[in-house]
Amino acid sequence: MKAIGFTEHLPINNPRSLFEFQTPLPEPRPHDLLVKVTAVAVNPVDTYVRKGGRGKLKSPKIIGYDACGTVTKVGTAVSLFHPGDRVFYAGSLLRPGSNSEYQLVDERIVGHAPHTLSDAQAAAMPLTSLTAYEALFEQLGIDRRPQKNAGKTILIINGAGGVGSVATQLARLAGLTVIATASRPAGVKWTKEHGAHFVVNHHQDLVKQVHARGYQYVDYVLGLSSIDDHWQEMCQLIKPNGAISSITENRRPINLRLLTKKRAHFAWEWMYTKSYYSTPDMVTQHQILDRVAQLLDERVLTCTLSKELTPLNAANLRKAHQLVEGGHMIGKVAIAGWE
């Protein structure tokens, strides 16, 4: 089968940073689906893994952490899917990624693809939807019933990004007042279109801006941008007994003592924890993706694809990496249709 990968951690403008090669078709293990990949999306994690190492690999590494495709073969223990099912998923960091014609993926982290979305649109949704859903409803402990959240507020830092675009919608569906951040006019427009009640600028003082909207504190904070840059503001704005969650790694120690008097909670969200450690609740990712697909088909959740490239080849994959590395992506970029 055709695949796209790398053997050296090179700048993305180097043609060898991602190149095409042939590799054997893999065989499913008991819980595996063999998926014929039809579209992939690119996330910041793709760029970090591609450029974040040293030395030269003996064989090409295949990355890619968002996909849509069709099940062609199933393992002996598979019970959730059948050959011919159209699926979408984010996969696992421990296994070859989606940048290949066929991919093995554990059925417990796969969802049935939304019927109303194209392959590229479906491929844009898994990683960001899982991250947003887990952060809001598992790590922050937000109740999914709108009537339970009357008068409650969430601050989402980086509302225009892939995760922020989904989190804003899910938080609003849960009945929260959403204050999201964006800086450029296009990002502000996008964030409002995806459900933010108020938009503030993360390059300016967030505390003053939130106070100016009439809120001394917020019940929840979801940090999707540099935690180092915003930790002090997050701690100032969080309500007593509130909760903060972040998906970004800190480069310097964060001072949890700032939360002591408020008795506030803090939790990391990493969407790959369940597949990385094979946790007992790994199947919840299948359930979340099926729920997300339902919300998309019911049109109460909007797809966040903002850029589509075709065909699916090394050149377009490098172009997608460049867009994400530029740091100004609004929504998601996907590539569809093998050349």
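Residues are numbered from 1 along each chain as its sequence is written, and side-chain values use heavy atoms, leaving out hydrogens and water. Because the model is predicted, local features need pLDDT of at least 70 and side-chain atom pairs count only at pLDDT 80 or more, whereas totals for chains, interfaces and linings use all residues. Helices (H or I, at least four residues) and strands (E, at least two) are DSSP runs, numbered from the N terminus.

**Helices H1 and H10**

- Helix H1 (residues 44-51) and helix H10 (residues 314-325) have axes that come within 9 Å and cross at roughly 105°; axes are lines fitted to C-alpha atoms, for helices over the stretch in contact, and angles run from 0 to 180 degrees between N-to-C directions.
- H1 is therefore roughly perpendicular to H10 (angles of 65 to 115 degrees count as such, under 35 as roughly parallel, over 145 as roughly antiparallel and the rest as oblique).
- Contact, meaning heavy atoms within 4.5 Å, is made by Pro-44, Asp-46, Thr-47, Arg-50 and Lys-51 of H1 and by His-321, Val-324 and Glu-325 of H10.
- Glu-325 and Arg-50 form a salt bridge, their closest N and O atoms being 2.6 Å apart; a salt bridge is a side-chain nitrogen of Lys or Arg within 4 Å of a carboxyl oxygen of Asp or Glu.
- Because Glu-325 lies in helix H10 and Arg-50 in helix H1, this pair ties together parts that are 275 residues apart in sequence.
- Arg-50 is buried, with a relative accessible area of 1%, while Glu-325 is partly exposed at 29% (buried means under 20% relative accessible area, exposed over 50%, partly exposed in between, with a 1.4 Å probe and protein chains only).

**Other salt bridges**

- The structure holds 12 salt bridges.
- Glu-27 pairs with Lys-73, with 2.9 Å between the closest N and O atoms.
- Glu-27 is in the loop between strand E2 (19-22) and E3, and Lys-73 is in strand E5 (residues 67-74), 46 residues apart.
- Glu-27 is exposed at 52% relative accessible area, and Lys-73 is partly exposed at 35%.
- Arg-145 and Asp-143 also meet in a salt bridge (2.8 Å, N to O); Arg-145 is partly exposed at 43%, as is Asp-143 at 24%.

**Asp-32**

- Asp-32 belongs to strand E3 (residues 32-42) and counts as buried at 2% relative accessibility.
- Beyond its neighbours within four places in sequence, Asp-32 contacts residues including Lys-73, Arg-95, Leu-104 and Asp-106.

**Nonpolar cores**

- The largest nonpolar core has 83 residues, and those with the most contacts inside it are Leu-136, Ile-142, Ile-154, Leu-170 and Leu-222; such a core is a set of buried Ala, Val, Leu, Ile, Met, Phe, Trp, Tyr and Cys residues joined through side-chain atoms within 4.5 Å.
- Another core, of 19 residues, lies apart from it, with Leu-155, Ile-157, Val-210 and Ile-227 among them.

**Gly-337**

- Gly-337 lies in the segment after strand E16 (332-336) and is partly exposed, with a relative accessible area of 31%.
- The C-alpha atoms of Gly-337 and Thr-310 are separated by 6.3 Å, although the two residues are 27 residues apart along the chain.
- Not counting residues up to four places away in sequence, Gly-337 touches Thr-38, Thr-310, Pro-311 and Leu-312.
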